[in-house]
Amino acid sequence: METFVTAYLVVWFSLMLYMLRMGLKQRELAQQIDELLRQLRSDRLAADDLAEKEDEAHARAQAA
Amino acid sequence: MVKKARNRAKGEVVALVGASLLLTAGLVAACFVAPTEKTMGGVQRIMYLHVAVAWFALMAFAGTAAGGATYLVRRNLIWDAWAQAAAELGWVCCSLMLLTGSLWARKAWGTWWTWDPRLTAAFVLWGIYSGYLIVRSSVEEPHQRARISAVLAIVGVVDIPLVILATRWFRGIHPAAPQMEPSMRAVLLLCVAGLSAFLSLLVWQRQRQLDHERLVGLLRARVQDRVF
């Protein structure tokens, strides 16, 4: 019976380790996705800001 | 959209709980319900684990080859993600099959390992898919990686019939589908169904995770190229 229990524990621990690895990877991926989306959003805002300033400068130049 | 996502998450939890219950029922039945075999005694209960992981390993490797072949036809990386997810779980189960088999062999045959035809074919299968995973981790370009690994998976799947039929084609000490009591057969079927359901869900989750990894790669490329 102890051989069966050993086999059972080997299978159980292996699957638990695989699921733990998957869970850690999932957390890392979620963090990366959040960070990249935040970066994309802030880059887009900065680009919009720049475009607005350029438009204003262009309008001022035309008025002058 | 939110409702759909919530329903899907609910469905996933229900499926996971169902599969876990089925697996637990199978393992409890293997410990306490299945009758003790007369000649080998308690150690024979390893069969319920050994056959279940072996069955899933073979199915997963067949799935890997099917995913690879579909990628080669459609050139869509989602099929490569399915193939990788199935190969990873298949490799884990194949390793467990060799380990549990070795534990059983020590008690039943008095040796940890022997070059029996079926054992050898199973070891070759493990070697092929170990190589498959090593090759995958060493190629960077996604389509090149998918192409090479699809060919490897299709070549490797040829070994599956050999593993199944080795006990019929060649003489060895590994038993070929022995006769068993109906209650033993029922417990074995429960274990195979429970483990297969649980691991299939893991394959599905892993495939989705690999898809998320691809999404991260795409997002990173957009950030680097400053494409908003």
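Predicted model: local features only at pLDDT ≥ 70, side-chain atom pairs only at ≥ 80, totals over all residues.
1. To start with a term for what follows: helices are DSSP runs of H or I with at least four residues, strands are runs of E with at least two, and both are numbered from the N terminus.

2. Residues are numbered from 1 along each chain as its sequence is written, while chains are lettered from A and ligands numbered from 1 in the order in which they are written.

3. Now chain B as a whole. Its secondary structure comes to seven helices and zero strands, and the C-alpha trace spans about 70 × 40 × 25 Å along its principal axes. Of the 228 residues in chain B, 36% are buried (20 or more other C-beta atoms within 10 Å of a residue's own; 12 or fewer is exposed, in between is partly exposed, with C-beta atoms placed from the backbone). Among contacts in chain B (C-beta atoms, placed from the backbone, within 7 Å) with a separation of 6 or more, 80% join residues 24 or more positions apart.

4. Helix 2 of chain B (residues 46-74) passes a simple length check: its 29 residues should span 42 Å at 1.5 Å a residue, and the end C-alpha atoms are 42 Å apart, which agrees. The expected span is 1.5 Å times one less than the number of residues. Following helix 2 comes B:R75, with a positive phi near 55°.

5. Helix 3 of chain B has 32 residues and reaches 45 Å from its first C-alpha to its last, close to the expected 46 Å. Because 23 of those 32 residues are buried, helix 3 is largely enclosed by the rest of the structure.

6. For the contact between the chains, chain B gives 25 residues and chain A gives 22. On the chain B side, helix 2, helix 3 (77-108) and helix 7 (182-225) each supply at least two residues. Helix 7 gives the most, with eleven. The chain B side divides into 13 nonpolar, five polar and seven charged residues.

7. Finally, have a look at B:P161, found in helix 6 (residues 159-169) of chain B. B:P161 counts as exposed because it has 12 C-beta neighbours inside 10 Å. B:P161 and B:A121 are 40 residues apart in sequence, and their C-alpha atoms are 9.5 Å apart in space.

Definitions and conventions
Contact = placed C-beta atoms within 7 Å. Nonpolar A, V, L, I, M, F, W, Y, C, P; charged D, E, K, R; others polar.
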